[in-house]
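Here is a friendly briefing to read alongside the model. Please have the sequence and the 3D view open as you go.

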Amino acid sequence: MSETQHIEFSPAAMVEISRILKQYPADKQKSAILPVLHIAQQEFGGWLSVDTMDYVARLLHLQPIEVYEVATFYSMYNTKPVGKILIEVCQTGPCMICGAEKIISHIENKLRIKVGETTPDGMFTIKTVECLGACGYAPMFQVGEKFYEHLTEEKVDQILDQLKQEKLQEINN
Amino acid sequence: MGRKLLLEHLDKPGIETIDGYIQHGGYRSVEKALKKMTPDEVTEEVKKSGLRGRGGAGFPTGMKWSFLDRSTDKPRYLLCNADESEPGTFKDRLLMEKIPHLLIEGMITSSYALGCRTSYIYIRGEYMFILRILEKAIAEAYAKGYLGEKILGTGYSLDLYVHPGAGAYICGEETALIESLEGKRGNPRIKPPFPAVAGLWNCPTIVNNVETITAVVPIINDGGEEYAKIGIGRSTGTKLISASGNINKPGVYEIDLGVPVEEFIYSDEYCGGIKNNLELKACVPGGSSVPILPKHLLLKMSDGNPRLMTYESLSEGSFATGSMLGSGGFIVYDEKQCIVRNTWNFTRFYHHESCGQCSPCREGTGWMERVLHNLEYGHGKMEDIELLWDIQRKIEGNTICPLGDAAAWPVASAIRHFRHEFEYHAKYPHKVFDADHVYQPEMKMETA
């Protein structure tokens, strides 16, 4: 997450992007913005810097503003840096009446940060999100592509410890 | 009861693979439609079935299909709305996650009826893990000749793609979905023109919910008339209900339209009653946007007869005493739940999700959220209740898309049916100051 990161998609990402571009008519390549921004966020530290968005704009032959206006509209795109592990906790009605608020305070207490903040070691960020479509399995949070459901305080402890260990191992390798 | 058209094979091992799916009768509707029926005959069956849009609006699907502009040379598109994000709704996720080929089969059969050469499934970005399941299933379908050029040796060809959103409730609105698929912000368009005339890339387009498209499969297999035999009146067929909240058995249930609400809540076949032996207090029967009903209005209609799980019965009494079937997002509240807190929570949701195009919605949702927050945290005044009523009334009907109405209805219905709780919050701020506060019986007694 250094200020001057080298921005270039990995070869694997480029293969994926050319596959995605084929899904839309040749003169409608702008449609690829959303899927390509998802890949960019994954490739470049979990968030979209202006440099990243400019890079995506060049790649898709668009004006930078066309990418900025999309990136700032959709809540899954982070336009500020986030921790290595982003915990997205659902706080909407059905989750709330099944104990989401207690889970959120428990995560805050455990990590000693508030919603919207990142731990000093850059490991965790807590974000509250609106309904993720898991109402019957509440309370829940999402990390990466994975849903963690039927949460209890004990389960949260276990999951967060495990995620941290996995991340540390990944970094050391 | 207990008949299942969509979820019958849910738990069969290997049903997520094309071989397992075909083993259980999968892709028969494609064979039948492409080899034995004309596109118009497929549409005719869907009309006969009485199928109504399962995303929430309940508009007759066959009629929607018949609006598709077939007079131009432009390509036509079928877009599957898999943006499922109405709070309380999680049925499409189950279908796509567990039986991905059912949706793909429905897309092929429906695209054939509409004359589409390319179709898209627009799935919410948070369901990226399901996008991967669908893409794997689509690759299998191409390999078996159900997608691509000259499907099953017929003259019909179709390409099917999955496109992810990125976290925006509004993209479940069909014109916002189209904008988003074009790579833009999800700002709804002014209608007309309707998508059926000028939709994706200005071409004739039909947008249908996941469950709607999967229902086309049994309709073509067994005939529209068979499908129409299930249910009551204009509510035909089966419906997936996402049950959540304070119940013993949350989950997705496929019901014959027409099951009594009381049976749905208390029967062990469905919700299994209220959790922790508490009393049922209220219910939002069709996703967060539809009016909340207290127990007595939920279980019985104004004539005293039991209320049923149908489009008509749930809306009986209109908004004075009724609600809507909506998306089938059935949220149940026990006696301890605070209605003011729930209303504040929903309003925050709509404020967060407002696209910002129309001032009544952009400003009104934020204003309601702040007023409700004050009430909930013990800083409210009695006049706030009238203020809230006034704001919601000025949002409803004054916006380009239905998000404004969706934000107004929960507030209006909560005040209409639970005014005493709002008054209690204004009158006894110190008693509601604690965020953990639960509904207290004296709330009702104060104003009774």
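Tyr27(B) sits in the loop between helix 1 (18-23) and helix 2 (28-36) of chain B; helices (H or I, at least four residues) and strands (E, at least two) are DSSP runs, numbered from the N terminus. This is a predicted model, in which local features need pLDDT of at least 70, side-chain atom pairs count only at pLDDT 80 or more, and totals for chains, interfaces and linings use all residues. Residues are numbered from 1 along each chain as its sequence is written, while chains are lettered from A and ligands numbered from 1 in the order in which they are written.

**Backbone details worth a look**

- Most residues other than glycine have a negative phi, and most peptide bonds are trans.
- Phi of Tyr27(B) is near 70°, a positive value in a residue that is not glycine.
- Tyr27(B) is buried, as 21 other C-beta atoms lie within 10 Å; a residue is buried if 20 or more other C-beta atoms lie within 10 Å of its own, exposed if 12 or fewer, and partly exposed in between, with C-beta atoms placed from the backbone.
- Asn277(B), also not a glycine, has a positive phi of about 55°.
- The loop that holds Asn277(B) runs between helix 11 (261-266) and strand 9 (280-284) of chain B, and Asn277(B) is exposed, with 8 other C-beta atoms within 10 Å.
- In chain A, Ala138(A) and Pro139(A) are joined by a cis peptide bond with omega of about -10°, and Pro139(A) lies in the loop between strand 2 (124-129) and strand 3 (141-143) of chain A.
- In chain B, a cis peptide bond links Pro192(B) and Pro193(B), with omega of about 5°; Pro193(B) belongs to the loop between helix 8 (174-181) and strand 4 of chain B.

**The parallel sheet of chain B**

- Four strands form an open sheet with the order 3-2-1-4 and parallel pairing; two strands pair if DSSP finds at least two bridges between them.
- Strand 3 (159-164) and strand 4 (205-209) of chain B each have a single partner strand and stand at the edges, so one side of each has no neighbour in the sheet.
- From one strand to the next, the twist averages 20°; axes are lines fitted to C-alpha atoms, for helices over the stretch in contact, and angles run from 0 to 180 degrees between N-to-C directions.
- Strand 2 (residues 118-123) of chain B runs parallel to strand 3 of chain B and is joined to it by 6 bridges; Thr118(B) has Asp159(B) as its bridge partner in strand 3 of chain B.
- Helix 6 (residues 100-114) of chain B packs on the sheet and touches strand 1 (77-82), strand 2, strand 3 and strand 4 of chain B, its direction making about 150° with that of strand 1 of chain B; contact here means that the C-beta atoms of two residues, placed from the backbone, lie within 7 Å.
- Helix 9 (residues 210-222) of chain B also packs on the sheet, where it touches strand 1 and strand 4 of chain B, and its direction makes about 90° with that of strand 4 of chain B.

**A buried glycine in chain B**

- Gly224(B) lies in helix 10 (residues 224-229) of chain B and counts as buried, with 22 C-beta neighbours inside 10 Å.
- Neighbours within four places in sequence aside, the contacts of Gly224(B) are Glu45(B), Val46(B), Lys47(B), Lys48(B), Ser49(B) and Ile219(B).

**Domains of chain B**

- Chain B is assigned domain 1 (18-229), domain 2 (232-334) and domain 3 (339-447), with bounds that come from an automatic or database domain assignment.
- Between domain 2 and domain 3 of chain B, 9 residues of the former are in contact with 9 residues of the latter.
- The side of domain 2 of chain B that touches domain 3 of chain B has 7 nonpolar, 2 polar and no charged residues; Ala, Val, Leu, Ile, Met, Phe, Trp, Tyr, Cys and Pro count as nonpolar, Asp, Glu, Lys and Arg as charged, and the others, Gly among them, as polar.

**Chain A and its contact with chain B**

- Chain A has 7 helices and 4 strands, and of its 173 residues 36% count as buried.
- The contact between the chains takes 33 residues from chain A and 45 residues from chain B.
- Helix 2 of chain A gives the largest share of the chain A side, 5 residues.
- That side of chain A has 18 nonpolar, 9 polar and 6 charged residues.
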